[in-house]
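Please read the numbered points with the model in view.

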Amino acid sequence: MVELGKLKEEMYGLLQKLTSVHAPSGFEYLIHDTVISELERHADKVWVDSLGNVIALKKGSKGGASLMLAAHMDEIGLFVSYIEDDGFLRVTPIGGVLERTLLHQRVVIVTRSGRTVKGVIGLKPPHVVKPEEAQKIPEIKELFVDIGASSRDDVEKMGVRVGDVAVFDRAMERLAGDRVTGKAFDDRAGLAVMLKAFQLIENNEADVYAVATVQEEVGLKGARTAAFAISPSVAIALDVTIASDFPGVAKSEQFTRLGRGPAIKIADGRNASGLITHPEILNFMVKVAEEEKIPYQLEVIPGGTTDASIIALNKEGVPAGVVSVPARYIHSPTEVIDLNDLAYAVLLTEKIAEKAGVEWLNRIRMRVVK
Ligand SMILES: CC(C)C[C@H](N)C(=O)Nc1ccc([N+](=O)[O-])cc1
């Protein structure tokens, strides 16, 4: 097995590379080259489908069954929706953006020509805010982005137009120990896990597909079409999950904790309306973690879901599961994860792919009764 310390450092570098790319939903073409460069040396075939999913195939020694790994490439962001006469930009959300995460943030706008323009989300200073106004979080329609322009003409000269996109402007940084902070860990952390695991997988009996999906944050869209095209026997999504192990959260609501290993999902979504992991997949993932002495935690979260829940509904159904990276403050510019969880998630995913034999994959896909 790969040495953990070395793997953590490699994952730090890979995650830094992936989070430095600005690619919100619908604009994943901006991260295609980075993803393809991590896959192509390790795949028998790599292609980009019509929606923009990047798909890599590593052929198995037996064939006749397949495992689809899926991690989404998109990040949440903003659309420039209107340009004011005085050069300020109005914005609308791409995906689950809470207004409170936007206040006073720096953002980076990606123009249609590929140029980047920096901006800030401004608000009145405390000196002139009435107490009742200070308590209130403005609605997104009240917010604006200041790019330093003084007129609509200025904005146009800078190449910024309605329909351009913005994301948090935040470089990844180290915190104490093995903790790191940054933007877009949802789901560049899962993407990093999938890319690294795909590089490490060897002696797989079944065909393994690594799919970097598009538009997860706006409705699990890329995973739906990729699953239809591949028609996998079984699927595993790699995504972040809610770590709420911080002050003010009751122990019973600390769904996962940083540094306790990747989470193996049991269920997600409101009232379990997202994924309920196929029982054989759940047992298999737990068995692999235990055999390989990989620390893990079990996860039931009451909100949010992943690509796995739409892949599970492909055609006649696909047994699906999720390996999650616990993350604090998801959908903010200051998400926090632990590199140990990231590295162990790679090892767990690698071993799942290597141990998922063709016979087992075919058996759980359909049990012939008579
Ligand atoms: C904590 C979640 C499982 C993380 C996940 N990447 C997520 O935010 N998913 C998600 C999926 C779909 C929507 N949607 O359609 O609004 C939002 C978030």
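At what angle do the axes of helix H7 and H9 cross, and within what distance do they come?

1. The model under discussion is predicted. In it, the axes of helix H7 (residues 279–291) and H9 come within 10 Å and cross at roughly 110°. H7 is therefore roughly perpendicular to H9, and their crossing is right-handed.

2. On the H7 side, this contact involves Phe 284, Met 285, Val 288, Ala 289 and Glu 291, which meet Leu 348, Lys 351, Ile 352 and Lys 355 of H9. Six of the residues in the contact of H7 with H9 are nonpolar, none is polar and three are charged.

3. Helix H9 (residues 339–355) also packs against helix H5 (residues 185–200), with axes that come within 8 Å and cross at roughly 45°. This angle makes H5 oblique to H9. The crossing of H5 and H9 is right-handed.

4. From H5, Ala 189, Val 193, Lys 196, Ala 197 and Leu 200 meet Leu 342, Ala 345, Val 346, Thr 349, Glu 350 and Glu 354 of H9. The contact of H5 with H9 comprises seven nonpolar residues, one polar and three charged.

5. A separate matter is the ligand. The residues that surround the ligand include His 72, Asp 186, Glu 216, Asp 239, Thr 305 and His 331. A polar side-chain atom of Asp 186 lies 2.8 Å from a ligand nitrogen atom, and a backbone N or O atom of Thr 305 is 2.9 Å from a nitrogen atom of the ligand. For His 72, a side-chain N or O atom is 3.3 Å from a nitrogen atom of the ligand.

Definitions and conventions
Residues are numbered from 1 along each chain as its sequence is written. This is a predicted model: local features need pLDDT of at least 70, side-chain atom pairs count only at pLDDT 80 or more; totals for chains, interfaces and linings use all residues. Side-chain values use heavy atoms; hydrogens and water are left out. Axes are lines fitted to C-alpha atoms, for helices over the stretch in contact, and angles run from 0 to 180 degrees between N-to-C directions. Helices (H or I, at least four residues) and strands (E, at least two) are DSSP runs, numbered from the N terminus. Angles under 35 degrees count as roughly parallel, over 145 as roughly antiparallel, 65 to 115 as roughly perpendicular and the rest as oblique. A crossing is left-handed if the near helix is turned anticlockwise from the far one by less than a right angle, and right-handed if clockwise. Contact means heavy atoms within 4.5 Å. Ala, Val, Leu, Ile, Met, Phe, Trp, Tyr, Cys and Pro count as nonpolar, Asp, Glu, Lys and Arg as charged, and the others, Gly among them, as polar. A residue is near a molecule or strand if one of its heavy atoms lies within 4 Å of it. A polar contact is a pair of N or O atoms within 3.5 Å; within protein, one must be able to donate a hydrogen and the other to accept it, and residues adjacent in sequence count only if both atoms are side-chain atoms.
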